[in-house]
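Subject: A structure for you to explore

Hello! Here is the structure I promised to pass on to you. Please open it beside this email, and then read on for what was found in it.

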Amino acid sequence: MDSNSTLFSVSSADLISKWQRKSERLVRNLFVKTRESPGGRAIIVIDEVDSLRDSRSKEKCDSERRVKMEFLIQMDGLLSKKEGAVLVLGDTLTSGGC
């Protein structure tokens with residue numbers, strides 16, 4: 001079955017940069033490109049998405065928090081779109097067990 005959607009396949013490592021504020025820009029640009037895809041229809045597959053999750057550590061640096069915040073802001077922006085559709089999928093190697 002053809003979904004007529006543009007596929008964006010990225011690793012979480014592709015979204016992380018050692019340069020200040022570049023990671024947030026990379027996340028923002030990914031979502032901008034999805035919105036610009038034909039018909040506004042896109043699928044984003046993020047490999048190793050678990051590395052973007054919050055480990056609830058007090059030692060988290062500000063840059064990691066900013067990347068997660070930008071990701072959530074962009075995800076929230078998908079809900080406000082009137083046209084098109086973007087599906088975000090994440091895969092992980094982390095098991096669901098204890």
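Which residues does T6 touch, not counting residues up to four places away in sequence? The list is S37, P38, R41, A42 and I43, where a contact means heavy atoms within 4.5 Å. T6 counts as partly exposed because its relative accessible area is 27%; with a 1.4 Å probe and protein chains only, buried means under 20%, exposed means over 50%, and partly exposed lies in between.

Before you go further, a word on what you are looking at. This is a predicted model, in which local features need a pLDDT of at least 70 and side-chain atom pairs count only at pLDDT 80 or more, while totals for chains, interfaces and linings use all residues. Residues are numbered from 1 along each chain as its sequence is written, and side-chain values use heavy atoms, with hydrogens and water left out.

How confident is the predictor? The score to know is pLDDT, the predictor's confidence in each residue, from 0 to 100. The protein chain averages 79, and 81% of the residues score at least 70. Confidence is highest in strand β1 (residues 6-11), with a mean of 91, and lowest in helix α2 (residues 62-79), with a mean of 81.

Now for the overall layout. The protein chain has 2 helices and 3 strands, and along the sequence they follow the pattern β-α-β-α-β. Helices here are DSSP runs of H or I with at least four residues, strands are runs of E with at least two, and both are numbered from the N terminus. Of the 98 residues, 28% count as buried. Among contacts between residues at least 6 apart in sequence, 75% join residues at least 24 apart.

Together with helix α1 (residues 22-35), the strands β1 and β2 make a right-handed β-α-β unit. Right-handed means that, with the strands pointing away from the viewer, the path from the first strand over the helix to the second runs clockwise.

Is T34 buried or exposed? T34 lies in helix α1 and counts as buried because its relative accessible area is 0%. Leaving out residues up to four places away in sequence, T34 touches F8, G40, A42, I44 and V86. A polar atom of the T34 side chain also lies 2.6 Å from the backbone oxygen of F31.

Let's turn to the charged side chains. How many salt bridges are there? The count is 3, a salt bridge being a side-chain nitrogen of Lys or Arg within 4 Å of a carboxyl oxygen of Asp or Glu.

- R21 and E24 form one of them, with their closest N and O atoms 3.8 Å apart. R21 is partly exposed, at 46% relative accessibility, whereas E24 is buried, at 6%.
- R66 and E24 meet in another, at 3.0 Å from N to O. This pair links distant parts of the chain, with R66 in helix α2 and E24 in helix α1, 42 residues apart. R66 is partly exposed, with a relative accessible area of 21%.
- R28 and E70 are also joined, at 3.4 Å from N to O. This pair links distant parts of the chain too, with R28 in helix α1 and E70 in helix α2, 42 residues apart. R28 is partly exposed at 35%, while E70 counts as buried at 10%.

R21, E24 and R66 are linked in a network of salt bridges.

E48 lies in the loop between β2 and α2 and has a positive phi of about 60° although it is not a glycine. Why is that worth a look? Most residues other than glycine have a negative phi. E48 counts as partly exposed, at 34% relative accessibility.

Enjoy exploring!

Terms used. Polar contact = N/O pair within 3.5 Å; in protein donor to acceptor, adjacent residues only side chain to side chain.
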